[in-house]
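This report covers aromatic ring contacts and charges placed over rings. The sequence and the model come first.

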Amino acid sequence: MTVLTFHKEKPTTDQDAKTATTASSTAVAATAQPAPVKPATTPTRPAVQERGERAVPELTFTVQDRAVHDRAIQEPTRKVQQRARASQEPASVQQPTAVGKNPTAQNRTQEPCRAKELIRAAKRATAQEPGLVQESHRTAQSRTAQSSTQTGTAQDQAVHEPSVQEAARAAVPTGVREQGSESGEDPAGSVAAALAAGELAHLLFDEKDGDTVHEPWRALVDSEAFVYRTGLTPQERTELSYQRLRLVNEVAGDPEALAHDPRRLAALHEWTGFTDSGLCTISGIHYNLFLGSILDHDGHTRDLTPYTSLQHTGTFLCTELDHGNDVTALETTATLDPATGGFDLHTPTPGARKFMPNTSTTGGPKTALVAARLITGDTDHGVYLFLVPLSDAAGHLPGITVALLPERLGSPVDHCITSFDHVPLPRTALLQAPHGHLTPDNTLSSNLTSRRKRLLHSISRVTTGKLCMSAAAIGAARTALDIAVRHAHTRHISGPKAGERVPLAAHRTHSGRLADALATTYAMTFLHRETLTAHTRTPDDPDTERLVALTKAWATWQARDIITEARERCGAQGLFTHNRLADLHTNIEGTITAEGDNLVIWTKAAAETLFHPTPQPTSVTPAIDPTQATDPTVAHQQLTDPTFLHNLLAHAQILWTQRARTAARTSPRGNPLARWNTTSTPALTMIETHTQRHAGAALHAAATRTTHPTTHHLLTTLHQLFILNQLRPHTGDLLAHNHLTPEHLDQLPHTLNALHTALVPHLPTLTQAFNTPQHTQPATPLTHPAG
């Protein structure tokens, strides 16, 4: 099996960093002018080791890539071969061994987790021979042997659909055409594929920080403790999630440091979301919403040992039965008792009961942060957070009523309805901060006059939660595609000739859809990375908060579509939970609603963005006379030019912005709801296009950060495919406003087909870069549970 590991690269110079940062931010800012970006000059060194049982097709290159590739590959290949011959060690192919009820799990009882060992080996190899594949030639031969028996290779596809490729090459614009690949017997092909997958993984997983941000969580979920178990009841699955939470706590090392680090928190969700969605939920609540909120307030004054040691699991009670997105209307009260100096916590109405928190006794004692209205005398100061013990070893504490909710869609969690009957709290229960501090004389001091802003400060961890939800969704989408691509190369069907068997991937109707999904998934991942970086640098900036919300909504919606596509491409086998896709399909729904319902935060962002400055395309597509039939400047633009493509998307956003503004200005005054109802449809299209521009720019920026020719070629092709797919709904508008020509529309299907032709042979390489943990992968080929 081939495992891709993360590595550290040489630090970039200040000028390199400035170039890369400018490239990304210039292309996505609201007032930005998209333009081609100079590639970063810092070399990268992918590390590749044993991982998945998949075909590694020989890569093909553009004309301009070939010369560079030959120089980069030929000498390293000879050195790899020389070292392999010198070692005189026989090739070794590890065969899958059934473990328990999971036919995919390998027998790892003697080595439950090799991640650190593999990382050390990769670093040693990198130090000895920079730029080489970090594995011996014998391992490459072993993987090639597996590929020949288990999967359809790139050469298979070339044999089974030559007419499609030839037609595409004849119709495609110059910038898309590729040279044919060399013979599959050339070891440079396997080396190139491994190098590309390693470099892609390096870019996908935070580059030089991957070892600390991602690798600990990937190694954890690749351990024996996370082998998928069938036949468990919902209660047993919930209990298992709480048991695994303790493993997360061990890997975290310092839970407070984890709660302070949004990148590690998001990575935790990215790797646990597709392995144990229940664990993903309860860990996000404990470390982010609960522990993180305490630390953001007055955590330095409190003993947090019971929570960092998991003697008590933390939970977060904000949403009420009658109040979801309108949290400013929460009814639960915490009334100051002047006699004791403490508070009386009370649920005044049935609608004020806290809805869906994990407050049962499953997993041990729980302590909660409860959002309640602070009442002193006759004054309502707004909503603040209170630290409230809910249960101990004997059960729930007096005055606290907890009712388990029915089983919900997706992985089970102990969701409950919780109410309080005049529960006394000490004065220290109130979390205090500059936005709300209760003085000794019971006067509330605050640096904010707005009760709404005080609430938003109190529950600001919801913003980090949005990043965590989008990370979980992106990880699930990558896993679904990994499974689907494996299936496409291991599932063979009757071919066009008698007795011939061809892989599903040979059919463009099958593999083209997967290529489209991969382009979106790469764009989602890189958008999330850039959004997370912005949040880390300027967490309180309104534009950053809006970008976080847009990323969450767009990524989780896209992930649902991608998982649905992957499930369908696996046919009936994709319906079995044993093969993981069915679970991914149901689990993704929770990310769409959690930490802010997608449509609500999408609508809020659209309203806020509506009268912001609109994007200004570069002079490559200048404004022209609408009466002019054609424009020479536009007519000569290629559908593969990144500047032209981004400008087209900017034009589409401008058109929908103008329509939304016109609707808002011409609607009858005096009825805000009717006015917004008229404006909302074009405004939502505007904000969707705005987010797609950010995602496309993030993908383009990633392509500029690599000097590896094959990786750059693959990312560039993915970028072209992604942007063209986003433009398809807008082509009529763009044609009507002379931003496209009829010739462009004629070329569009041919260009898309050519991009599919370029990418399809490399789908295994593109998904190999996802580094999906072995224990989370179903059997290859997919089976039913008894298989």
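Y522 is buried in this predicted model, because its relative accessibility of 0% falls under the 20% cut-off. F526 is likewise buried, with a relative accessible area of 1%. Both residues belong to helix α17 (residues 508-537), where four residues, about one turn of the helix, separate Y522 from F526. The ring centres of Y522 and F526 are 6.3 Å apart and the planes meet at 45°, so this pair is tilted.

The structure holds eight aromatic pairs. One of them joins F205 and W271, and this pair is tilted too. F205 sits in the loop between α7 (187-204) and α8 (210-213), whereas W271 is part of helix α12 (residues 262-272). The two parts are 66 residues apart in sequence, so the pair ties them together. F205 is buried at 0% relative accessible area, and W271 is buried at 1% relative accessibility. Ring pairs also bring in F274, giving a cluster of F205, W271 and F274.

| Pair | Centre to centre | Angle between planes |
|---|---|---|
| F205 and W271 | 5.3 Å | 40° |
| Y522 and F526 | 6.3 Å | 45° |

Charges over rings form a separate topic. Which ring lies under the charged end of R244? The ring is that of F226, with the charged end of R244 4.7 Å from its centre. The charged end of R659 sits over the ring of W656, at 4.5 Å from the ring centre.

How values were computed
Residues numbered from 1 in each chain as written. Predicted model: local features only at pLDDT ≥ 70, side-chain atom pairs only at ≥ 80, totals over all residues. Heavy atoms only, no water. Phe/Tyr/Trp six-rings, centres within 6.5 Å; stacked < 30°, edge-to-face > 60°. Buried < 20%, exposed > 50% of the residue type's maximum accessible area, 1.4 Å probe, protein only. Lys NZ or Arg CZ within 6 Å of the ring centre and 35° of its normal.
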